[in-house]
Number of protein chains: 2
Amino acid sequence: MSVIYRRVALIGLGLIASSMALAMRRGGLAAEITGYARTAETRDTVRELGFCDQVFDTAAGAVAGADLVVLAVPVGAMSSVMADVAAHLAPGATVTDVGSVKGAVIAAVTPHLPAGVHFVPGHPLAGTEHSGPRAGFAELFDNRWCLLVPIEGTDRAAIDRLRALWQGIGANVDEMDADHHDLVLAVTSHAPHLIAYTMVGVADDLRRVTDSEVIKYSAAGFRDFTRIAASDPTMWRDVFLNNKAATLEILGRFTEELFALQRAIRRGDGDYLHAYFTRTRAIRRGIIDAGQDTDAPDLGRGKRKA
Amino acid sequence: MSVIYRRVALIGLGLIASSMALAMRRGGLAAEITGYARTAETRDTVRELGFCDQVFDTAAGAVAGADLVVLAVPVGAMSSVMADVAAHLAPGATVTDVGSVKGAVIAAVTPHLPAGVHFVPGHPLAGTEHSGPRAGFAELFDNRWCLLVPIEGTDRAAIDRLRALWQGIGANVDEMDADHHDLVLAVTSHAPHLIAYTMVGVADDLRRVTDSEVIKYSAAGFRDFTRIAASDPTMWRDVFLNNKAATLEILGRFTEELFALQRAIRRGDGDYLHAYFTRTRAIRRGIIDAGQDTDAPDLGRGKRKA
């Protein structure tokens with residue numbers, strides 16, 4: 001592979017940025033990688049880990065001379081970070097982000113965007129329940145999807161160059177508009193996360209079952225929920241606050257369905273339950289066929305990196 | 001290890017029974033293993049797979065002369081299966097089961113129990129989303145919990161012998177009473193499964209997001225739900241119908257918490273969300289410390305067998 005950007009500035013140095021840096025190094029996609037993180041502790045950690053060529057104490061310093069700037073901070077911090085760097089962006093540079101919500105990020109970033117700088121919103125659909133720069137690894141995006149959400153009128157060459165970067169990082173790339181993105185993600189990610197958080201909270205709150213019992217006898221269902229519910233609290237707070245309408249809509253539909261199933265249980269309507277569970281099983285089969293997961297037995301004991 | 005039962009009869013030959021047979025063979029725990037399944041197709045498959053010494057066309061035939069009879073059928077079938085075999089049980093034999101609900105199974109089995117036969121209800125906390133005899137493997141129960149739920153007055157030697165079998169199979173064994181078991185499992189397994197089924201159903205039902213989008217862009221949260229929601233429909237129908245009270249109680253608590261979180265999202269109460277998500281993260285840490293899962297990155301791409 002060949003160099004796609006001369007200088008990539010990573011603003012925010014958590015799981016996603018560190019994995020991007022390692023994947024860009026693996027593919028030789030960036031001649032130079034600079035970084036900035038809000039806390040001195042994270043900056044020192046990244047200096048020690050060495051996946052950035054230079055770590056700056058200010059976001060402005062990191063973006064100077066960069067032809068790609070990646071905003072990899074929680075969605076709620078996008079506006080202030082963009083305000084900090086705007087005056088220091090190189091003419092012709094591309095700004096992208098990796099936020100899980102796109103409408104709100106576009107609204108936060110575009111008011112600060114200088115003329116002659118391209119903004120191509122993005123969202124790699126990859127992650128783990130771990131956070132911080134030590135959690136990153138080069139394979140995180142391999143064969144995952146990265147969604148680009150270009151704003152109308154954006155320079156096609158800037159979009160295609162970013163697409164080439166993500167492909168070099170290992171991802172498949174698709175494009176869609178922001179509203180649709182936010183609805184799709186509410187279904188596939190945001191609502192499921194809130195539900196997992198809720199169930200884990202209920203278990204903790206229930207006084208007749210001890211925490212140690214919940215933990216000891218945590219069978220497959222609950223264990224998978226705890227994994228989801230261990231994700232970064234700041235990131236997820238910002239997701240829900242910034243994808244409010246779509247998330248609340250899906251949760252409303254969810255509650256409606258849940259009540260129907262609860263009523264079937266209460267009434268002893270086994271046929272309804274069996275038909276419902278048979279239908280959901282077929283969806284799982286579709287996901288395996290689409291190559292988004294494997295069919296290996298799930299023991300919840302450990303999962304391969306590749 | 002040494003032989004614990006001379007002849008073990010497996011009634012029902014799905015994932016659990018086939019895994020038990022393979023684990024008993026691995027440990028040399030049973031001199032002979034017989035089996036019975038309701039359909040000729042399953043019986044033929046098991047004859048081909050060879051994990052039973054003899055496969056019978058009737059349950060009565062399989063239990064004759066057995067010193068351990070394992071009822072490994074869906075909870076809703078326990079009563080009729082027990083009625084079929086009762087007259088053919090050997091004096092002094094132990095009957096156990098592997099059902100996910102214990103109160104209802106005890107109520108179904110004990111009326112048929114002949115004098116001089118021990119009944120020790122059990123529940124191995126292990127499984128995958130796959131079902132049937134081909135899904136079994138010897139390591140399924142390794143380092144998982146098996147809960148025994150003895151009825152008051154049961155012969156201690158019969159309980160301890162079954163405990164030794166499960167330990168030989170690889171499991172850790174605990175004892176608790178049936179009501180507490182059914183509440184703990186409602187929290188850790190039954191309610192989470194219903195919630196996962198519901199969320200997957202909502203996704204499928206949503207017309208503005210295509211199935212192929214849901215499948216293609218299925219991020220970590222949803223993918224874990226589909227895995228759970230792919231579990232055997234008959235088994236899970238019976239679980240919900242037979243652990244009605246505890247499941248509905250937990251779902252009621254769940255809905256209450258979910259509404260509080262929905263309100264926090266609607267009001268933009270970020271502090272509430274952040275505090276909630278921080279608390280659930282700590283529970284996950286407890287599960288890892290308790291050895292019920294590993295800390296490896298979750299890519300949802302494949303999971304190790306051991």
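**Close-up views of a two-chain predicted model**

**Figure 1. Where the two domains of chain A touch.** In this predicted model, domain 1 of chain A places 14 residues in contact with 17 residues of domain 2 of chain A. On the domain 1 side of that contact, seven residues are nonpolar, five are polar and two are charged. If you want to find the bounds, the domain assignment puts domain 1 at 5-176 and domain 2 at 180-289 of chain A. Taken over C-alpha atoms, the centres of these two domains of chain A are 30 Å apart.

**Figure 2. Chain A as a whole.** Chain A contains 12 helices and nine strands. Its C-alpha atoms occupy a box of roughly 65 × 40 × 35 Å along the principal axes. Of the 306 residues in chain A, 56% are buried. Looking at contacts in chain A between residues at least 6 apart in sequence, 77% of them link residues at least 24 apart.

**Figure 3. The meeting of chain A and chain B.** Each side is well represented here: 96 residues come from chain A and 96 residues from chain B. On the side of chain A that touches chain B, at least two residues each are supplied by α7 (178-205), α8 (211-216), α9 (220-228), α10 (233-242), α11 (244-267) and α12 (270-289) of chain A. The largest share of that side, 19 residues, belongs to α7(A). Sorted by class, the side of chain A that touches chain B holds 48 nonpolar, 25 polar and 23 charged residues.

**Figure 4. How the copies are related.**

**Figure 5. Glu257(B) against chain A.** This view picks out a single residue of the contact between chains. Glu257(B) sits in helix α11 (residues 244-267) of chain B. Apart from neighbours within four places in sequence, its contacts are Thr198(A), Gly201(A) and Val202(A). Glu257(B) is partly exposed, as 17 other C-beta atoms lie within 10 Å.

**Figure 6. Ile11(A) in the nonpolar core.** The largest nonpolar core has 210 residues, and Ile11(A) and Ile11(B) have the most contacts inside it. Setting aside neighbours within four places in sequence, the contacts of Ile11(A) include Tyr36(A), Ala59(A), Ala62(A) and Val69(A). Also among them are Val70(A), Leu71(A), Ala72(A), Val73(A), Val81(A) and Val85(A).

**Figure 7. The covered helix α10(A).** Nine of the 10 residues of α10(A) are buried, leaving the helix mostly covered. Among these buried residues of α10(A) are Pro233(A), Met235(A), Trp236(A), Arg237(A) and Asp238(A).

**Figure 8. Asn143 in both chains.** Take a look at the backbone here: Asn143(A) is not a glycine, yet has a positive phi of about 65 degrees. Asn143(A) belongs to the loop between β7 (122-124) and β8 (145-148) of chain A. Asn143(A) counts as partly exposed, with 14 C-beta neighbours inside 10 Å. In chain B, Asn143(B) has a positive phi of about 65 degrees and lies in the loop between β7 (122-124) and β8 (145-148) of that chain.

Terms used
Residues numbered from 1 in each chain as written. Chains lettered and ligands numbered in written order. Predicted model: local features only at pLDDT ≥ 70, side-chain atom pairs only at ≥ 80, totals over all residues. Contact = placed C-beta atoms within 7 Å. Helix = DSSP H or I, 4+ residues; strand = E, 2+ residues; numbered from the N terminus. Nonpolar A, V, L, I, M, F, W, Y, C, P; charged D, E, K, R; others polar. Domains from an automatic or database assignment. Buried ≥ 20, exposed ≤ 12 C-beta atoms within 10 Å, placed from the backbone. Core = buried A, V, L, I, M, F, W, Y, C linked by C-beta atoms within 7 Å.
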